[in-house]
Amino acid sequence: MLKFAVSGNTDVGIKKETNQDSLLLRKYSTCFGEVVFAVLCDGMGGLAKGEVASASLINAFRNWADENIMTSFTKDGGINYEEVQMKWMTLITSMNAKIKAYGRQNGVSLGTTVTAILISQKDYYIVNVGDTRAYIISDALYVLTEDQTLVEKEVREGKLTPEQAEKDPRRSVLLQCVGASENVYPDFFYGETMPDTVFMLCSDGFRHEVTAEEIFGAFNPSVLCDEQTMYSNATCLIEANKTRQERDNITVALIRSYQEG
Amino acid sequence: MLKIGSLIDGKYRVLSEIGHGGMSVVYMAINEKANKTWAIKEVRKDGIKDFEVVRQGLIVETEMLKRLSHPNLPSIVDVIESDDTFLIVMDYIEGNPLSQSLEEFGAQPQDYVIDWAKQLCDVLEYLHTRTPAIIYRDMKPANIMLKPDGNITLIDFGTAREFKEKNLADTTCLGTVGYAAPEQFGGMGQTDARTDIYCLGATLYHLVTGCNPCEPPYEILPIRSINPQLSSGLERIIIKCTQRNPDDRYQSCAELMYALDHYEEIDDKYRREQKKKLRIFLSSVIMMFAALIGAFISIGVNNKQIEKKYKELLSNGVRLSESYEYREENLISAIETNYNEAYDAIDNLLELYIGTGSDNLLSPQEFNNIKIIDSYIPSLKSNEEKARICYKIACNIFQYYSNDGKESNSIIGSDKARQWFKNSKDYAAKSNMSLLEEKGYSQKNIDILMNLGDFSEILENSKGLQEENERLDGEKNDKQNTIDTCWKYLSGGFLDDIKNPNVQPLYKRMICKYGSFMLYSNTVSMQKSLGENYSYEKVIMAYNEMINYLKSDDNEQAKNILESVKILKEQFEYANRESDA
């Protein structure tokens, strides 16, 4: 039976007045054992509206989880992908319409990215819109999601190298987001849950200034032995980001799996 | 917020709210004294962080806009400032934004889009040539009003430039920045007139294809990959407008306007027509030269020219990516060069004709075009090819009349195809037969199908003479007998005659010859009209009876007929299997 240790940190950063990132991190016990549900939204839009977008989407996901988490698994304790995908799709589509209507009414344009992960005893399932990311850290650092950004698209098409993309002025231009796009086309990812792995969700503010090596060094499963360490290591990296003049809000969530007993 | 029904500045009565911009609300108002409708844009104070800065910008901007006068721009007539609001009074534009047309009807007709493009280009040109130049930066269907008279007006122009300079260091989303040109994201040089040209190109793309470039696949594809009916000239224009590097785009609206005015000329079709005209002109020039100094020029040179022209046309005609019309035109032109080895062009034209449409058949128009080919066949070089081509055409014509439900009569088909079969036979007579048969030519088939043609002639001539149940009369001459029998076959019961020892062998042979064709050309409609009298087994039985009889007949003619009956039976069985499957 797998158990999970979780930790979430967020920081407004050094430049912005408001923190437009929103994070939901929950453990549920089911008849199959522990499951974890985490959602990270990075809101955008002038004034204080970005957090409206990210928070309302987080709320929608929380409501979904509270009502549906128990019916999201198959008989063997794995995730019912079809069911979950359909529900998430509906949720995102309807929130897109709601946020858009809110923006229209208030004469602002706002939106939010989302990366949500559901981790069961057997497997995990991710939905992603925008440039928030999910990683797995085991023997190395692996990105599970694919950024829906203009530069990432051009990297995939071979028009840019990943190095150029990091410096491209358009690096924070999303192809789509919830609340500002006509239609939203989320990506879904899935895989197996293994013991002694760390799942990490982070907003783009967390990953621009720190390197993959630093992340691996601070978050690899052999280092993260308890929730206290997880929290303090995350704080460390966030502070590192701030000293390196990261302007954005910074958020990171960690979920570590371990074998009970 | 303005109150509906309130009076502004002692003149304007606010009637209703008509729009909701990013930072502003637009109202419809009436000047009660002049009885004229205006739009009033209210810049909302509550939506703006530092209203004072914005207000200063607005004053400068509106002062500048007030001086603008262009048929595709709303004029600003008044600016009303008070402590807490900033109102811009401008023309009230009737109609709906193009984004609404897109939502309701999807892609817009190309002709309209080009007309709008010209108007937009004109207004951008006007803005760009002000001093200092005004860059619009926010071209999108939502900002283009389509008026009831079909003209357009560029709206949302009252907003100060400051608002449009988005802080792109923050995360943004494609849709919200419009069709932002690459340089609008910063870091790639200044925005200038060419930025507007990019956005105009993206707008045209969206309008003419119905595909939003801000949605997957997030790309501006060649418009004809979405709708092949669209103009290649417009395709070129849109591609050029939306180049990533501003230097690769049209450099000014005047340049773009020229392209739009002449889009048909950069269109493939137009280019083709021009080429054709040039061809006609050139060929007449060549002929003149040939007439003048023909004696001194070897014919080879001319032939080389023809060959070159032929090959060029052929290569156009075989391009699968091109439209049917384009290919047809090129292939026909290729044949018309009178090149003596134009086999590929003819074959490809036939393939094109047979391969299009749902039925794999020629259409009446195609049928007529094929007739034109006739006059070019004699000048072909190889007799084998001539025979093969005539045979192929004949078979297609036969098919045309045999397969189609309305003209379902292979007898007519064989009659129409007869001349081609005959030509084919004539050419075959001069050919190397074994070589020809490798190419799918079949003398046997020709004989059968030509006989069917003869039969149809007889039927044609006998109209009105026959009566269904007329009994055979030995005294009647052979021709009359044949006719009677033909009609008897139609009603199905003719096997008795073969078994009847009183019937002369000559007549029995005729029964077998034409009866077998008749059975073979039984179409579904004919079978239906025969009702219960018809069955597959009955037909096979009839063929077997005929074969049995012909085997017993020692006559030389009977042996030939036997061969053809056997083939027809096989084919009938095959065709029947086909229709079962």
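1. In what order do the 5 strands of the open sheet in chain A run? The model is a predicted one, and in it the order is 1-12-11-7-8, with antiparallel pairing.

2. The edges of this sheet are taken by strand 1 (2-11) and strand 8 (141-143) of chain A. Each has a single partner strand, so one side of each lacks a neighbour in the sheet. From one strand to the next, the twist averages 20°.

3. Within the sheet, strand 11 (residues 198-202) and strand 12 (residues 250-259) of chain A are paired over 5 bridges in the antiparallel sense. A:Phe199 has A:Ile255, in strand 12 of chain A, as its bridge partner.

4. Helix 7 (residues 227-243) of chain A lies across strand 1 and strand 12 of chain A. Helix 7 runs at about 30° to strand 1 of chain A.

5. In chain B, the axes of helix 10 (residues 324-336) and helix 11 (residues 343-355) come within 9 Å and cross at roughly 150°. The two helices are therefore roughly antiparallel, the angle being over 145 degrees. Helix 10 of chain B passes helix 11 of chain B in a left-handed crossing.

6. On the side of helix 10 of chain B, the contact residues are B:Tyr324, B:Arg327, B:Glu328, B:Leu331, B:Ile332, B:Ala334 and B:Ile335. Helix 11 of chain B contributes B:Ala345, B:Ile346, B:Asn348, B:Leu349, B:Leu352 and B:Tyr353. Sorted by class, this contact between helix 10 and helix 11 of chain B has 10 nonpolar, 1 polar and 2 charged residues.

Note on methods
Residues are numbered from 1 along each chain as its sequence is written. Chains are lettered from A and ligands numbered from 1 in the order in which they are written. This is a predicted model: local features need pLDDT of at least 70, side-chain atom pairs count only at pLDDT 80 or more; totals for chains, interfaces and linings use all residues. Side-chain values use heavy atoms; hydrogens and water are left out. Axes are lines fitted to C-alpha atoms, for helices over the stretch in contact, and angles run from 0 to 180 degrees between N-to-C directions. Helices (H or I, at least four residues) and strands (E, at least two) are DSSP runs, numbered from the N terminus. Angles under 35 degrees count as roughly parallel, over 145 as roughly antiparallel, 65 to 115 as roughly perpendicular and the rest as oblique. A crossing is left-handed if the near helix is turned anticlockwise from the far one by less than a right angle, and right-handed if clockwise. Contact means heavy atoms within 4.5 Å. Ala, Val, Leu, Ile, Met, Phe, Trp, Tyr, Cys and Pro count as nonpolar, Asp, Glu, Lys and Arg as charged, and the others, Gly among them, as polar. Two strands pair if DSSP finds at least two bridges between them.
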